[in-house]
Amino acid sequence: MEKKDLIEKINKIKREKNAVILAHVYQRPEIYNVADFIGDSYGLSKKATETEAEIIVFCGVDFMAESAYILNPEKTVLIPTKLASCPMAAMVDVNSLRKLKAQHPNAAIVSYVNTTAAVKAESDICCTSANAIKVVNSIPEEEIIFVPDSNLANYVMTHTDKKIIPWNGWCYVHNKFSSEELVKTKKLHPDAKILVHPECIPEVVDLADEVLSTTGMINYVRQNSVKKFIIATEIGVIEKLLLEFPEKIFFQAPPGGTCLQMKKITLELVFASLEKKQFRVVVPENIRVRAKKALDRMLNVA
Ligand code: SF4
């Protein structure tokens with residue numbers, strides 16, 4: 001079937017079933033054509049609380065769809081494939097987290113939204129890359145166990161006096177941007193602004209003109225008169241920027257990075273998801289209620 005016909009079919013079945021499609025920016029650009037909202041983890045969490053639709057089809061990875069269910073248990077939350085699973089979220093498990101907490105009984109647990117529902121349930125508050133500093137500085141505890149991204153933890157450390165105990169997790173996409181390569185690229189394009197995601201290693205963050213979340217980068221480009229940008233984040237952001245700002249020039253920082261898990265979702269799978277109501281995302285109620293507290297607390301901070 002032609003892509004255009006498939007897009008029409010998805011938009012039709014979406015209306016018939018009173019469904020909404022939330023898509024992360026790292027999705028394939030073809031998914032943007034059927035999305036009701038495109039955003040980052042924080043924006044999507046907020047949208048999930050605002051929708052009146054009966055069905056949410058989440059085009060993103062597993063932990064994002066879980067968050068949508070945690071915030072909307074009365075709705076049907078679907079993810080088009082079970083293969084869209086974030087490796088970083090899988091780097092922290094409840095038992096190991098409890099052991100670390102036992103060693104630091106006075107520490108608060110701040111979990112990045114890139115965690116499983118079970119880990120969120122163990123946490124005092126969640127955060128995203130857009131609000132991590134604000135969240136850490138908003139809570140009374142002076143000691144913070146920060147899970148799972150050690151790079152984001154390092155970045156937060158440079159903006160707080162609190163003691164941060166980082167978990168040893170990382171995002172394989174952001175972790176491989178190289179400071180040496182970034183310096184070489186900047187030499188080739190001295191008039192370009194360097195935008196870096198805080199999941200990158202500290203040496204890359206140090207070279208940034210701006211350290212920004214996914215949505216923060218898009219807003220920055222929108223509001224800035226500069227024409228050229230070198231961007232250290234997942235390729236989907238560059239693809240979205242090229243669509244929105246065709247008059248500007250974007251280079252992805254070397255060696256580049258693509259989140260393979262995010263690209264598992266296709267238009268065909270979105271249609272099948274709506275047609276067959278698959279695959280349902282559900283979180284056990286005892287975990288959901290505790291995880292929701294951590295998410296709600298974050299949504300009230302920022
Ligand atoms: S980009 Fe990194 S953190 Fe985001 S879903 Fe992919 S692996 Fe997980």
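Visitor: How many bridges join strand E9 (residues 193-196) to E11?
Guide: This is a predicted model, in which local features need pLDDT of at least 70, side-chain atom pairs count only at pLDDT 80 or more, and totals for chains, interfaces and linings use all residues. Residues are numbered from 1 along each chain as its sequence is written, and side-chain values use heavy atoms, with hydrogens and water left out. Strands (E, at least two residues) and helices (H or I, at least four) are DSSP runs numbered from the N terminus, and two strands pair if DSSP finds at least two bridges between them. E9 and E11 run parallel, and the number of bridges joining them is 4.

Visitor: Which residue in E10 is the bridge partner of Leu195?
Guide: Leu195 has a bridge partner in E11, namely Ile231. E9 also pairs with E10, in the parallel sense and over 2 bridges. In E10, the partner of Leu195 is Glu210.

Visitor: What is the bridge partner of Ile231 in E12?
Guide: Strand E11 (residues 228-232) and E12 run parallel, joined by 4 bridges. Ile231 in E11 is the partner of Leu195. In E12, Ile231 is partnered by Gln252.

Visitor: Which are the edge strands of the sheet?
Guide: The sheet is open, with 4 strands in the order E10-E9-E11-E12 and parallel pairing. An edge strand here pairs on one side only, and this applies to strand E10 (210-211) and strand E12 (249-252).

Visitor: What is the volume of the largest cavity?
Guide: A cavity is found on a 1 Å grid over the protein atoms alone, as a set of points where a 1.4 Å probe fits but cannot get out; its lining residues have an atom within 4 Å of a point. Grid points are joined across faces, edges and corners, and a volume is the space filled by probe spheres set on them. The structure holds 2 cavities of 30 Å³ or more. For the largest cavity, the volume is about 280 Å³.

Visitor: Which helices each supply at least two residues of the lining of the largest cavity?
Guide: The lining consists of 27 residues, and those nearest the centre of the cavity are Tyr26, Phe63, Met64, Asn114 and Glu199. At least two lining residues come from each of helix H3 (41-50) and helix H4 (62-71).

Visitor: What is the volume of the second largest cavity?
Guide: Its lining includes Ser41, Leu44, Phe58, Phe63, Met64 and Val113. H3 and H4 each supply at least two of the lining residues. By class the lining has 5 nonpolar, 3 polar and no charged residues. The volume of the second largest cavity is about 60 Å³.

Visitor: What is omega of the cis peptide bond that joins Pro254 and Pro255?
Guide: Most peptide bonds are trans. A cis bond joins Val147 and Pro148, with omega about -10°, and Pro148 is in the loop between strand E7 (143-147) and helix H8 (150-157). Pro255 is in the loop between E12 and helix H13 (267-276). For the cis bond joining Pro254 and Pro255, omega is about 5°.

Visitor: What value is phi of Asn18 near?
Guide: Asn18 is in the loop between helix H1 (3-16) and strand E1 (19-24). Phi of Asn18, a residue other than glycine, is positive, near 50°.

Conventions
On a 1 Å grid over the protein atoms alone, a cavity is a set of points where a 1.4 Å probe fits but cannot get out, and a pocket is an open set with protein on both sides within 12 Å along at least five of seven lines; lining residues have an atom within 4 Å of a point. Ala, Val, Leu, Ile, Met, Phe, Trp, Tyr, Cys and Pro count as nonpolar, Asp, Glu, Lys and Arg as charged, and the others, Gly among them, as polar.
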